[in-house]
Amino acid sequence: MDGNLKDLALETYSRVVTAELRINELVQERLSFGDPLWRFFTVYLEPRFLFNLVIPMCGIYSQALLTRLVFAVGLASTLNSFAKWILPEQRPLWLLREMYASSVRSPSPGVALESHPLSCETTAGMPCAHSMCFTVFTLTIWMFLSAHAHSGQRWLAGTVAYGLIFCMWLSRLYLATEFLHQCVLGTFIGIQAIGALQQNADYLWSRRRRWAVTGVLLLGGLAAAVYFAKLNLDVDPHWSVREAFKWCPDPSYMRHEASPIFYLVRDLGILMGIALASPLSNLDTKNASICRRCASLLVLELFNFGMRWATPKQNGRFAFLAYELLRNALHSLLLLKYIPKLK
Ligand SMILES: O=P(O)(O)OC[C@H]1O[C@@H](O)[C@H](O)[C@@H](O)[C@@H]1O
């Protein structure tokens, strides 16, 4: 009975993802006129770019908005990286090529997908990080601006926000990096995460630094425990990187800083910066003059850019990961705690 249920579940899953491959194909065929736009969404609105440029730019408008964005998007990105670290789910191009390469799954799906450098992701597919972090980013801005808007303006801004999130889905489907269900679930989890953060805002924002830092260290321990548990269970922790190597048309499209471990370290670094700036309720979120805000954020982001440029990539992976952890922690700490002091 159990065996039958498992077979049925696998069969249903396989049918669903095969049908979803056709959605990727349809989007590639019908929406190629928007190619520059889909690339723009994937390249310039991805979590790393949000942290290194877009969120700091929002700080020019308001320090309170910047604080909320770093907190919400930082937590969402960490949650996403953990989900990808724990659950190994295929991406469309990997699955399609496996299907064609394997004689077990027949008949072949009869789908053709185009791939290029942006399709060479090295993490698992589920849930879509672009959709999840962008959902949290847009809805946090929407909620912040809605506090002082009429219901008509709120409705209009909400429609624009969901329209942009839909464009992010199309971008990921067009580049064949994600299945539709991975994008939808990314957005769904993002919305649930915002709800949970809102409900527990008082509790979370009043945590003392000691507790917050302990929480981040425990998360680091959890990530390491998952790694060793996988090794014990004979599950390859680097499965997604191997899939990418196997199916990416050119390995030079893949980057050091795109592995699941790198993303976990990056996100834990961002959280560590938030933890060091805790309690968040004590942070100064008053706005300095616009000139001062522009100048201080410009200096900070130039400094961050220099730090990124100087990343030691040739001194082994531990130096690389430790540097990234510290750089991200310093960047979010400076954004949250020290930029407002420069008044
Ligand atoms: O899950 P997606 O949308 O394919 O994204 C994969 C990775 O893409 C990178 O650009 C992000 O910085 C990562 O956080 C993310 O994990």
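A residue is near a molecule when one of its heavy atoms lies within 4 Å of it. This report applies that criterion to the ligand of a predicted model, and then turns to a pair of helices and the annotated spans.

**Ligand surroundings**

The ligand is surrounded by 15 residues. Glu46, Lys84, His130, Arg172 and Glu178 are the closest of these.

| Residue | Distance from a polar side-chain atom to a ligand oxygen atom |
|---|---|
| Glu46 | 2.5 Å |
| Arg91 | 2.8 Å |

**Helices α7 and α8**

Helix α7 covers residues 151-174 and helix α8 covers residues 180-199. Their axes come within 9 Å of each other and cross at roughly 145 degrees; the crossing is right-handed. On the α7 side, the contact is formed by Tyr162, Ile165, Trp169, Arg172 and Leu173. Their counterparts in α8 are Leu180, Cys183, Val184, Thr187 and Ile191. Of the residues in this contact, eight are nonpolar, one is polar and one is charged. Arg172, listed in the contact with α8, is also one of the closest residues to the ligand.

**Annotated spans**

An unreviewed UniProt entry lists residues 124-143, 155-173, 179-198, 210-229 and 261-283 under "transmembrane region". In the model, residues 124-143 are 75% helix and 0% strand, with 30 Å between the end C-alpha atoms. Residues 179-198 are 95% helix and 0% strand, and their end C-alpha atoms are 29 Å apart.

Notes:
Residues numbered from 1 in each chain as written. Predicted model: local features only at pLDDT ≥ 70, side-chain atom pairs only at ≥ 80, totals over all residues. Heavy atoms only, no water. Axes fitted to C-alpha atoms, helices over the stretch in contact; angles between N-to-C directions. Helix = DSSP H or I, 4+ residues; strand = E, 2+ residues; numbered from the N terminus. Left-handed = near helix turned anticlockwise from the far one by under 90°. Contact = heavy atoms within 4.5 Å. Nonpolar A, V, L, I, M, F, W, Y, C, P; charged D, E, K, R; others polar. UniProt positions renumbered as here; feature names shortened; annotations may be inferred. Polar contact = N/O pair within 3.5 Å; in protein donor to acceptor, adjacent residues only side chain to side chain.
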